[in-house]
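Subject: Structure for you to look at

Dear colleague,

I am passing on the structure below, and I would be glad if you could read the notes that follow with the model open beside you.

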Amino acid sequence: MYRYDAIDREMLADRTAEFREQCGRRLAGELTEDQFKRIRLMNGLYLQLHAYMLRIAIPYGALTGVQLRKLAFIARTYDKGYGHFTTRTNLQLHWIKLKDAPDILDHLAEVGMHAIQTSGNDIRNITADPHAGATADEADDPRIWAEALRQWSTFHPEFSFLPRKFKIAVTASPADRAATKVYDIGLRLHRNPDGELGFEVLVGGGLGRTPYLGPTIRAHLPARHLLSYLQAIMRVYNRHGRRDNLWKARIKVLVASLQAEGFAREVEEEWEKTDKAAVDLPDTELARIRAAFAPRGFETLPATSAAFEAAKADPAFARFARHNVKPHKIPGYAIVDISLKKPGETPGDCSAEQMELIAELGERYSMDEVRVSYEQNLILPHVKLDDVAAVWKALHGAELATPNRGLITDIIACPGLDYCSLANARAIPIAQAIARKFEDPALAEQIGELGIKISGCINACGHHHVGAIGILGVDKKGEEFYQVTLGGSAEAEASLGQILGPALPAARVPTAVDQLVEVYLRERLGGERFLDTFRRVGLAPFKEAVYAGAH
Amino acid sequence: MPVLIRWKDDRAEAAEDPFTAVADEDPIPRGDVIISLQRFQAEGQRLLAEGRKVGVRIEPNEAVEDLARDLPRLSVVALAFPKYQQGQGYSSARILRERFGFGGEVRAVGDVLREQARFMVRCGVDAFEPADGSSPEDWTHVVNRYRHVYQRAADDLAPAYEERQAS
């Protein structure tokens, strides 16, 4: 894993000194809240309904034990003892005092962490496949490229005042665990028939008010030209993206207006004029970053583990093994999912004690690596099969062993109206009510893979457009209503959900989900997932079930 | 004369501004002037022929490419930032410096604040009309605050990957 060197650390030190000074000017009254806003937003500090919220970047979702312990310390010392992992693999602390913010940034900097560009109209935290370096199906380690992008995009002099925020995701696996089709730029790393590493470049995906799946503007960009090509994309966007209307300012609107071909032409023209050698990373630097992510310390083990198989005699462990344990590229190892979705809890929330336990498990059993996924779960990427039962036991004792990865109770939800000043409706209580309805793990298992995604407003932080069942909070004359969509997916075969019918009052939502599930269980053939059944039978039977008798 | 902040040799200094910024509806006074792109296209050749110095103001939605042929005879390109969120000028500045090799003054005008100073300098802006009352000392402080950069731009700072190679 990449460790910050002296230069990276001095960048953070300079940043925290700057922010301390800026906070001082605000606290001394030299800056108004309005003047301060543009400064704090560039440091991940939002003013929310009840307090300041600090959004801490977790580049490509990768954490070490020391970093996670530090997050626990900060949550305990400066917040209410917990944090919230987001769909952008950041950690949000919702109860921050402004006077503490500079100290928090200092603490973060000590462990190579920060809140740089977690807000503002700039290039945000870079996300990547959370199984990077552990999965057999990747063409390369996407973290190498995500780290190159992290550095390149940090304090970028030209792209820090874009028309709107800008998000980049990298995957190197056809399974696309990074949702690249719904990003401003999605990068899919692969090898072409000649064996050359390159990126399929998708631009203009996004959720929000007008959802789009990003079209491909280049099928195979030689990997070494990533930065110069991205500079060309960003420059076209910075110069031609709309700034007159907040709702039309994302790059997806520019791409849609020029069509993918037209946009690609503009990018290629700009790229032709670019001095690529001045922008692209030299091979030596790429090699330095690559070396930091090189696999090390894996033991030669048999592909199966007698201890792992024996532990499955406990049905609870067997269920955990079925849903939360994934194959690893190295024989004898596994990827272990830690669910932050215990029914009744807030999706993505993690207490300081839980963080510390996970940090310890990561250090002891997972080569000091912990990952955050956009589904708001944590992952131990490199656990020996022999150790999985011990890890499970420890997780179980901390309410972290819910065996629901990918199941109906593994719900994505934004903070919603409980915290966020943008929200129209609450998301968390809806998620909790649905999860409770399906909390019997046998029932959840019977239903199988089903992603429910809930957003408290049209900004779609809860990714509702790409939920197999998507739920969007809307405000109807001061009352919270929820619009349901079906058939969305952010994975390889990405699709946007279709609206089921008129929005439902909050109390009706869990029942409606139940009705949708009943239709699915009735209609499904063989091993179909909810999504497969929906794609085959269409909206009608689901609509009928939810709205019959409602008129 | 209004006071400018000029960036030279890694520090900011106060400088007299010899140019008059002329609105399109106003007559052109004597002396050195900064005029709009549209007006330059209509009257620029005549003004230059009079032997005075001419600068052109580029709005966020205007392309510096339209000035490409005239750049050798221009003293100033003033990039307008009507609101700080309108960041097109950062790209314009880099294109002027890096693509066209423009050696005259690139000036930032409008909602120009201390927080943008470093980004602007890195993109090749070397004169400022700050809107926040910043002094040259403030400007020098914020621009030089960071010891490193991660990417090449229009300045001559070596990016981190070159520093690493050298060490």
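R107(B) stands opposite A127(B) in β8(B). Before going further, please note that this is a predicted model, in which local features need pLDDT of at least 70 and side-chain atom pairs count only at pLDDT 80 or more, while totals for chains, interfaces and linings use all residues. Residues are numbered from 1 along each chain as its sequence is written, and chains are lettered from A and ligands numbered from 1 in the order in which they are written.

Strands β7(B) and β8 (residues 127-128) of chain B run parallel and are joined by two bridges; strands here are DSSP runs of E with at least two residues, and helices are runs of H or I with at least four, numbered from the N terminus, and two strands pair if DSSP finds at least two bridges between them. Between β7(B) and β8(B) the chain passes through helix α3 (residues 114-123) of chain B in a right-handed β-α-β crossover (with the strands pointing away from the viewer, the path from the first strand over the helix to the second runs clockwise). Strand β6 (residues 76-81) of chain B is likewise parallel to β7 (residues 105-110) of chain B, with six bridges between them, and A78(B) has R107(B) as its bridge partner. The crossover from β6(B) to β7(B) goes through helix α2 (residues 88-99) of chain B and is right-handed.

**Where the chains meet**

The contact between the chains takes 26 residues from chain B and 30 residues from chain A, two residues being in contact if their C-beta atoms, placed from the backbone, lie within 7 Å. On the chain B side, α2, α3 and α5 (160-166) each supply at least two residues. That side has nine nonpolar, eight polar and nine charged residues (Ala, Val, Leu, Ile, Met, Phe, Trp, Tyr, Cys and Pro count as nonpolar, Asp, Glu, Lys and Arg as charged, and the others, Gly among them, as polar).

In chain A, five strands form an open antiparallel sheet in the order β1-β2-β5-β4-β13. Because β1 (45-47) and β13 (349-351) of chain A stand at the edges with a single partner strand each, one side of each is left without a neighbour in the sheet. Three bridges join β1(A) to the antiparallel strand β2 (residues 52-56) of chain A, and Y46(A) stands opposite M53(A) in β2(A). Helix α4 (residues 101-110) of chain A lies across β1, β2 and β5 (91-96) of chain A, at about 15° to β2(A); axes are lines fitted to C-alpha atoms, for helices over the stretch in contact, and angles run from 0 to 180 degrees between N-to-C directions. Helix α12(A) also packs on the sheet, where it touches β4 (82-85) and β13 of chain A and makes about 80° with the direction of β13(A).

Helix α12 (residues 352-365) of chain A packs as well against helix α3 (residues 65-78) of chain A, at an angle of about 170° and with the axes 8 Å apart.
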